[in-house]
Amino acid sequence: QVQLVESGGGLVQAGGSLTLSCAATGNIFKINAMNWYRQAPGMQRELVASITSDDTTYILDSVKGRFTISRANAKNTVYLQMNSLKPEDTAVYHCNADLLESGSYYYADYWGRGTQVTVSS
């Protein structure tokens, strides 16, 4: 059974840094894109960063220059380095992956449970 498990969230003061990790485990044949979404209370979920299997990246405009996404393919892991954090970055951050499970014919979307990031002013 495929699972995505996030870690690294927490409480940090404005200007601080956190690194989120997301490990995909299970019977995985191949992973295409790995993504980080976030959802703040009362807000819609938004795509924060994405990285494809060939390391093409996307970063949300409001976090450009502060957040960096990377992946370790051998470990099926994606990271989100977050620097110069602001209170408006407070949200639950979810990992998402488009992957092909071994024995399956189709790629499917998988989600982690999320990790809370709280930035105090």
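Mentor: Happy to! The link between C22 and C95 is left-handed, with -80° about the S-S bond. Keep in mind that this is a predicted model.

Trainee: Okay! What do C22 and C95 form, and how far apart are their sulfur atoms?

Mentor: C22 and C95 form a disulfide, and their sulfur atoms are 2.1 Å apart. A search of the whole structure finds one disulfide.

Trainee: Where do the two cysteines lie along the chain?

Mentor: C22 is in strand β3 and C95 is in strand β9, so the pair ties together parts that are 73 residues apart in sequence.

Trainee: And is C22 buried or exposed?

Mentor: C22 is buried, as its relative accessible area is 0%. C95 is buried as well, with a relative accessible area of 0%.

Trainee: Let's move to the strands. Which strands form the open sheet, and in what order?

Mentor: There are four strands in the open sheet, and the order is β1-β3-β8-β7. The pairing is antiparallel.

Trainee: Why is one side of β1 and of β7 left without a neighbour in the sheet?

Mentor: β1 (3–7) and β7 (67–72) stand at the edges and have a single partner strand each, so one side of each has no neighbour in the sheet. On average, neighbouring strands of this sheet are turned by 15° against each other, direction ignored.

Trainee: What holds strands together in general?

Mentor: Strands of a sheet pair through backbone hydrogen bonds, and the pairing can be parallel or antiparallel.

Trainee: Back to this sheet, then. How many bridges join β3 and β8?

Mentor: Six bridges, in the antiparallel sense, between β3 (residues 18–25) and β8 (residues 77–82).

Trainee: New topic: charges! How many salt bridges does the count come to?

Mentor: The count comes to four salt bridges. One of them is formed by R38 and D89, with the closest N and O atoms 3.0 Å apart.

Trainee: Which parts of the chain does that pair tie together?

Mentor: R38 lies in strand β4 and D89 in the loop between β8 and β9 (91–101), so the pair ties together parts that are 51 residues apart in sequence.

Trainee: Is R38 buried or exposed?

Mentor: R38 is buried, with a relative accessible area of 6%. D89 is buried too, at 1% relative accessibility.

Trainee: Which other salt bridge does D89 meet in?

Mentor: The side chains of D89 and R66 meet in a salt bridge, 2.7 Å from N to O. R66 is in the loop between β6 (57–59) and β7, while D89 is in the loop between β8 and β9, so this pair ties together parts that are 23 residues apart in sequence. Both R66 and D89 are buried.

Trainee: Which residues are linked in the network of salt bridges?

Mentor: The network of salt bridges links R38, E46, R66 and D89. Another salt bridge is formed by K64 and D61, with the closest N and O atoms 3.1 Å apart. D61 counts as exposed, at 60% relative accessibility.

Trainee: What about aromatic rings? How many aromatic pairs are there?

Mentor: The count comes to one aromatic pair. The ring centres of Y37 and W111 are 5.0 Å apart and the planes are at 50°, so the pair is tilted.

Trainee: Where in the chain are Y37 and W111?

Mentor: Y37 is in strand β4 (residues 28–39) and W111 in strand β10 (residues 107–111), and the pair links distant parts of the chain, 74 residues apart. W111 is partly exposed, with a relative accessible area of 33%.

Trainee: What sits over the ring of Y37?

Mentor: The charged end of R45 does, 5.5 Å from the ring's centre.

Definitions and conventions: Residues numbered from 1 in each chain as written. Predicted model: local features only at pLDDT ≥ 70, side-chain atom pairs only at ≥ 80, totals over all residues. Heavy atoms only, no water. Pairing = 2+ DSSP bridges. Axes fitted to C-alpha atoms, helices over the stretch in contact; angles between N-to-C directions. Phe/Tyr/Trp six-rings, centres within 6.5 Å; stacked < 30°, edge-to-face > 60°. Buried < 20%, exposed > 50% of the residue type's maximum accessible area, 1.4 Å probe, protein only. Lys NZ or Arg CZ within 6 Å of the ring centre and 35° of its normal. Disulfide = S-S within 2.5 Å.
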